[in-house]
Structures are given as C-alpha cells and as structure tokens.
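Here is a brief report on selected side chains. Please keep the structure open while you read.

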Amino acid sequence: MKKLILIAACAMCAGSMMAQRAGSLYLGNTFEFGGSRTSSGSDEKVKSGNFSFSLNPEFGYFFSDKFSLGFQATASVSVSKDSAPESTYGNAKDRNRTFAFGPVANYYVGLTEKLYWAPKANVTLSLNKYTSIQDDKNKDWHKSVGFGFGVNLANFEYRATDRLYVSASLGLGWISFRHSKSTKWGKEEDGKETTGDYDDNSTNSFSWGIDNTITAVGLGFKYTL
C-alpha cells in the first residue's frame with residue numbers, strides 16, 4: 001500500500017511540472033539576433049563584423065502537454081562588412097535577405113514547475129537574395145531557392161501566466177541541413193548591369209555540434225488560446 005501511495009505521489013509531482021496545454025491553439029513570435037566584431041593587424045588594422053536579425057511568427061496546436069506542432073514563417077537579414085585600408089575594396093559589404101516558411105515542432109521537458117527545456121525542430125522552404133557590394137558602382141548578387149531542416153537544442157520556455165509563455169533560444173547546440181539552388185545572377189561593373197540565369201548551381205551543407213560560445217540569441221513568446 002505504501003508503494004502504491006509513493007508511486008501515485010511521484011506521478012502527481014511529475015504531472016504538476018507540465019502545464020495543461022493539450023488541445024490548445026497557440027500564437028507566437030520569436031525575435032532572433034546575433035553578431036560579432038574582430039580586428040587584426042598592428043599599424044593598419046583589418047576590421048570585420050557581422051550582424052543578423054530575423055522575425056519568426058508562428059501558430060500551432062498542442063497535441064499533448066509535451067508536444068506541439070505548428071507553422072512558422074521567417075523574414076531575416078544579415079550584413080557583414082570588412083574594412084581593410086590596403087584593399088581595393090576595403091569597405092566591402094555582404095547582405096543576405098531570406099524569406100522562409102514551413103512546419104515547426106517542440107517537445108517539452110519540465111525542469112521546474114514553470115521552466116521547460118523545449119528543443120525545437122523545423123523544416124523550411126526558403127527564398128534568398130545575396131548581394132556583395134564593393135562600392136557604389138561595383139556589386140553582384142544572386143537569388144536562390146532552398147530546402148532544409150534543423151534542430152535547436154538550446155531552447156527554453158518559461159510559464160509567465162497560465163496562457164503566456166516566454167521563450168529564450170541560444171545558439172549553443174544545433175543540427176542543420178540545407179540544400180540550395182541558385183536561380184538568377186546579376187552584376188554591376190562601373191555602373192553597367194548584366195543579369196542571367198543559372199543552368200545548374202546546387203549546394204548542400206550539413207552541420208551539427210554543441211558550442212561553448214553563444215552565436216545567436218532568440219527571444220519570443222507563445223500565447224495559448
């Protein structure tokens with residue numbers, strides 16, 4: 001009898017660590033941003049830096065207290081710049097703009113009564129435009145379409161109220177695959193522009209790992225309906 005009481009008590013404690021969300025719709029959004037800056041050299045330093053920002057609205061459904069499935073759209077831009085005094089294009093700047101969409105899933109593990117570890121997986125279709133700018137009259141760009149999937153292992157959610165959940169995502173652990181195919185290109189030299197189509201220019205990339213530095217931060221929320 002004591003064993004049955006103990007088992008029941010443990011089950012009740014485990015259940016209390018999960019909010020009752022099964023059967024609920026949710027709306028949410030995540031803001032992600034990251035960046036870095038480096039310099040090298042002694043007399044005339046070579047400086048480089050990059051910055052990225054994205055918006056990720058989503059909506060979905062909690063099939064159980066531990067699993068949700070939804071749809072997410074992403075609009076992002078990233079910019080990198082080099083400053084090298086001895087270089088012809090010392091202030092070259094690269095700009096990457098992306099729009100993506102696809103399904104997203106979360107699995108929830110209760111760490112405390114209100115804090116959850118919530119690893120996130122997503123599949124995306126994307127449209128991308130990459131532009132390299134040397135100066136006002138010299139630049140080139142290319143457009144591409146892509147497909148990929150990823151898993152963010154360092155994602156957490158905090159239950160602020162019965163319906164509002166605040167999330168934090170850190171670029172520490174990840175799994176990622178992407179297939180990309182370039183479709184159009186353009187080039188401007190001394191103010192004269194030419195464009196064309198790619199016959200076949202596909203790339204595949206895969207990465208995974210756990211880092212000891214934060215490469216990007218995401219802050220967001222979910223509101224259950």
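Phenylalanine 59 is partly exposed, at 48% relative accessible area. This is a predicted model.

The rings of phenylalanine 59 and phenylalanine 71 form an aromatic pair. The pair is tilted, with 6.2 Å from centre to centre and 40° between the planes. Phenylalanine 59 sits in strand 2 (residues 46-64), while phenylalanine 71 belongs to strand 3 (residues 67-83). The pair therefore ties together parts that are 12 residues apart in sequence.

## Phenylalanine 63 and phenylalanine 67

Phenylalanine 63 and phenylalanine 67 make another tilted aromatic pair. Phenylalanine 63 counts as exposed, at 51% relative accessibility. Phenylalanine 67 is partly exposed, at 32%.

## Aromatic pairs in the whole structure

How many aromatic pairs does a search of the whole structure find? The search finds 9. Ring pairs also link a cluster: Tyr26, Phe62, Tyr108 and Tyr116.

## A negative patch

Four residues form a negative surface patch: Asp135, Asp136, Glu189 and Asp190.

Where is aspartate 190 placed? Aspartate 190 lies in the loop between strand 11 (173-189) and strand 12 (192-197). Is aspartate 190 buried or exposed? Aspartate 190 counts as exposed because its relative accessibility is 61%, and exposed means over 50%.

Key. Residues are numbered from 1 along each chain as its sequence is written. This is a predicted model: local features need pLDDT of at least 70, side-chain atom pairs count only at pLDDT 80 or more; totals for chains, interfaces and linings use all residues. Side-chain values use heavy atoms; hydrogens and water are left out. Patches are made of residues with over 30% relative accessible area and no salt bridge: like charges are joined within 9 Å, nonpolar side chains (Val, Leu, Ile, Met, Phe, Trp, Tyr) within 5 Å. Accessible areas come from the Shrake-Rupley method with a 1.4 Å probe; for residues, only the protein chains shown count as cover. A salt bridge is a side-chain nitrogen of Lys or Arg within 4 Å of a carboxyl oxygen of Asp or Glu. Lys and Arg count as positive and Asp and Glu as negative; His and the chain ends are not counted. The place of a charge is taken as NZ of Lys, CZ of Arg, CG of Asp or CD of Glu. Helices (H or I, at least four residues) and strands (E, at least two) are DSSP runs, numbered from the N terminus. Buried means under 20% relative accessible area, exposed over 50%, partly exposed in between (1.4 Å probe, protein chains only). Rings of Phe, Tyr and Trp (its six-membered ring) pair if their centres lie within 6.5 Å; planes under 30 degrees apart count as stacked, over 60 as edge-to-face and the rest as tilted.
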